Amino acid sequence: MSAMHLPNEPMYGDESSVRRCPWCGDADVRLVTRGYTGPTDEVDQYFTCRSCGETTYELVAKNGREMRMGRYRPGDLYREAPGQHHYRVSRVLKVGVNEYLIYLQPVASVDVASRI
Ligand SMILES: [Zn+2]
């Protein structure tokens with residue numbers, strides 16, 4: 001009997017690199033990376049779940065003016081994401097002269113309702 005073990009799934013050193021749909025828990029997601037050269041010029045990063053069809057945003061890009069208007073701060077709710085879901089700002093990162101990235105954390109709607 002062979003001791004060889006070939007995992008069916010790729011091994012990840014960091015478990016957090018495995019994306020899971022926050023709404024149904026499935027890992028069968030399709031990631032759209034920011035800056036990916038495709039049919040659309042994506043400035044945001046998100047993934048779509050193949051199981052439930054939901055889209056989850058991971059980060060959105062803002063320019064300096066939008067940042068001043070929106071006053072985004074870590075811990076605040078982010079209300080502008082497309083779709084029906086709510087997100088909380090987890091981190092704000094300056095990436096260019098006039099560009100910022102806002103990292104989003106999905107929030108269950110029950111959680112949102114109880115905090116407003
Ligand atoms: Zn899902």
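Helices (H or I, at least four residues) and strands (E, at least two) are DSSP runs, numbered from the N terminus. By that rule the protein chain has two helices and six strands, in the order β-β-β-α-β-β-β-α along the sequence. This is a predicted model: local features need pLDDT of at least 70, side-chain atom pairs count only at pLDDT 80 or more, and totals for chains, interfaces and linings use all residues. Residues are numbered from 1 along each chain as its sequence is written.

A residue is buried if 20 or more other C-beta atoms, placed from the backbone, lie within 10 Å of its own. Of the 116 residues of the protein chain, 11% are buried.

A nonpolar core is a set of buried Ala, Val, Leu, Ile, Met, Phe, Trp, Tyr and Cys residues joined through C-beta atoms within 7 Å. The largest one has seven residues: Tyr46, Tyr57, Val60, Tyr87, Leu101, Ile102 and Leu104. Strands β3 (55-63) and β6 (99-107) each supply at least two residues of this core, and β6 gives the largest share, three residues.

Two residues are in contact if their C-beta atoms, placed from the backbone, lie within 7 Å. Leaving out residues up to four places away in sequence, Val60 touches Asp44, Ile102 and Leu104.

Two strands pair if DSSP finds at least two bridges between them.

| Strands | Bridges | Direction | Opposite residues |
|---|---|---|---|
| β3 and β6 | five bridges | antiparallel | Asn63 and Glu99 |
| β5 (residues 86-96) and β6 | nine bridges | antiparallel | Arg91 and Tyr103 |

A hairpin of two residues joins β5 to β6.

Technical notes: Buried ≥ 20, exposed ≤ 12 C-beta atoms within 10 Å, placed from the backbone.
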